[in-house]
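Look at the sequence and the structure below. The paragraphs that follow start at one residue and then widen the view.

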Amino acid sequence: MLSSWSQATLALWRYRGFVWHQWWHEFRARYQGTGLGMFWHVLQPLTMLLVYALVFSEIMASRMKIGDQTIAYTPYLCAGLLAWNYWSEGITRVTQMYVESAPMLKKIRFPRLLLPVLVLGQSILQFVMFGLLLLAYLAIVGAWPGWALLWLPVLWLSLTLWIVGLGSVLSVLHVFSRDVGQLLGSAMQWWFWLTPVVYPITVLPPIVRDLMALNPLFHVLQAFHAVLLGHRAPDPVHLLWPAVLGMLLLLYGAWLTRRQMRDMLDAL
Amino acid sequence: MNGSVLAHDLGKAYATNRPGAGRWWRLLRGISQDPADRRWVLRHVSFALRPGESVGVIGVNGAGKSTLLKLLVGTSLPSEGQVHCQGRVVALLELGFGFHPQFSGRDNIFLAGQLLGHARHELQERLQAIVEFAELQDSIDEPLRVYSSGMQMRLAFSVATALRPDVLIVDEALSVGDVAFQQKCFDRIRAFKQAGTTLLLVSHDKNAITQVCERVLLLNHGQLVFDGDPVPAFDLYNALLAQHQKDHAVPQDHLQSGQALVSGTGEAVVRRASLCDAATGTPLQVVNVGQAVRLELEIDVRQPLDRLVVGMGLKDRMGQVVYGTNSFYLQHPIGPCRQGQRLRLAFEFQMQLGVGEYTVQTALTASEHHLERNYEWNAAILKLTVVHSGPGLFEGMAHLDARLVQME
């Protein structure tokens, strides 16, 4: 097991040039043919942020109470969306990674462990873009999180582990039945409203809140809110729950992929 | 040691139908396909190749050659047994994979090269050589979409072979640009071989294989039936091919595609068609330019006929008839024919055609015009490949056998 992990790292290093090229390619291809080109990578999230900021600061009730703190709704929503969008984009891409790369898998040999890294590139970029804009917004409205920001990479890692963990299992199933991808699409709609992204957790009855503790995304959002809005270290539970669950799923997913790779290549 | 290839009791089976109920549970427990539910396409194949050895892989269509290649390359995994290639394996099967039309030729060298596992600095060091070999000095910074397909193939070959691989797998369908460039590619492959690369050449072409390979693996129905010298291997192959043609009078892939390739009223039908060497009578799928061949036809007459015209034609890949004639043109009247009579005829000719793939069509009619009283018309009764080896290279679709003479 250990040797295969170190082999994976080595392969990643050997193919780093290829990974960069593919990322760059996808980055350029996304808005290819548009007049503004790469500016859209900034304009899209900026538009989203501005819409929320304007709508909620002017039209809707813009402040709310979380615990003993009163905070503005716009940063609350945006901090939630930062995590949610990364997760929903990421899990969709990782689930489809084998099917999406079928021509490559069938034609040439390359380390298949590169695939999650390849497909997550775009989601990571969007996460960083939106994150930077959100931080700029926080700085402008005088709510700069300060040193707590150093937790952000840790939160990202925890969330990524969860994405790759769940994705490693779903991606195998998706090869054998494309229903899995469709099912995931519907599940995400439900999942979004079962996670406190747009509403504060305080509006829920206690029993629902307890049940929600099973949802890894609930913990992820709590951690993001703590860092970006509360300006403090996240609760270790919020950090560990998605990471540990993700790690366990990843171990199972890696085993499953190993066992099923032969049939997967035949089925693609 | 780098370059050695080992296959031990190698087998590959594909699932014949989709697994039904309970498959999710099996899947999640890591249990693979049901063994009862598979069709073997390759089985009990064992061989060992020493580094630097050149080996031809032959077999009639459907013998398992492509499956073996996929297993060697690693794009498919064996159902039983093991296969192992030591060192870097390059397969010239999917040339141009990883290319992106919007990027320049230079960018694509890095894109495709890195996908093949070359490091960036290795490509950087050899950039000049890659561009020069592909003869693209003037257009390397233009986007790939403006390249001709020949230019793209040249670049692809050049990138794939920028570094000497330990094991090189070449498919016969390797057609890269014009004849001169093709020659250049084979020179490079020979140079690799001399430097110690293990070479696996998949081909139907006896000449290509005997020129390069000292050993041949012959596959038939998924089994390795012969492993040894090229000459006896090809004798056995020819025997198997004759059997195969008997079993498959009409090419299988055409039947499967469901196209209406055979039409007519059926008073007379071509029962069997085969192509063989005019001198030795050996069946052929691959013909050398200029080779004397016979197209043998066995015709069953099912109704009494006053007159029968037997025609044949050769079509190129685009479906253009490059040559066609019939018994009327050749002033060889046939008929009247009895019901139940079996005619055995042969067209003898020299294959004075350019290199490429051709389809043979046959027509049985009452007159020289096949639309009138058409007994049977078969648009694709046989397929053949024309290859060229040796001196007198040429381009184009006709072999005019030009000579160059010095004039006073």
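**From one leucine to two chains**

A:Leu240 has its place in helix H12 of chain A; helices (H or I, at least four residues) and strands (E, at least two) are DSSP runs, numbered from the N terminus. The model is predicted, with local features needing pLDDT of at least 70 and side-chain atom pairs counting only at pLDDT 80 or more, while totals for chains, interfaces and linings use all residues. Residues are numbered from 1 along each chain as its sequence is written, chains are lettered from A and ligands numbered from 1 in the order in which they are written, and side-chain values use heavy atoms, with hydrogens and water left out.

Is A:Leu240 buried or partly exposed? A:Leu240 is partly exposed, because its relative accessible area is 49% (buried means under 20%, exposed over 50%, partly exposed in between, with a 1.4 Å probe and protein chains only). Together with A:Trp5, A:Val244, A:Met247, A:Leu248 and A:Leu251, A:Leu240 makes a nonpolar surface patch of about 530 Å². Helix H12, residues 236–267, gives the largest share of this patch, 5 residues. Patches are made of residues with over 30% relative accessible area and no salt bridge; like charges are joined within 9 Å, and nonpolar side chains (Val, Leu, Ile, Met, Phe, Trp, Tyr) within 5 Å. A salt bridge is a side-chain nitrogen of Lys or Arg within 4 Å of a carboxyl oxygen of Asp or Glu.

Next comes chain A as a whole. Chain A has 12 helices and 2 strands, in the order α-α-α-β-β-α-α-α-α-α-α-α-α-α along the sequence. Of its 268 residues, 50% are buried. Along the principal axes, the C-alpha atoms of chain A fill a box of roughly 55 × 50 × 35 Å.

Chain B has some details of the backbone to look at. Most residues other than glycine have a negative phi, and most peptide bonds are trans. B:His44, in strand S2 (residues 38–49), has a positive phi near 55°. B:His44 counts as partly exposed, because its relative accessibility is 45%. B:His221 also has a positive phi, near 50°, and is found in the loop between strand S8 (215–220) and strand S9 (223–228). At 68% relative accessibility, B:His221 counts as exposed.

Which residues does a cis peptide bond join? B:Gly335 and B:Pro336 are joined by this bond, with omega about -5°. B:Pro336 lies in the loop between strand S15 (321–326) and strand S16 (342–350) of chain B.

Methods:
Accessible areas come from the Shrake-Rupley method with a 1.4 Å probe; for residues, only the protein chains shown count as cover.
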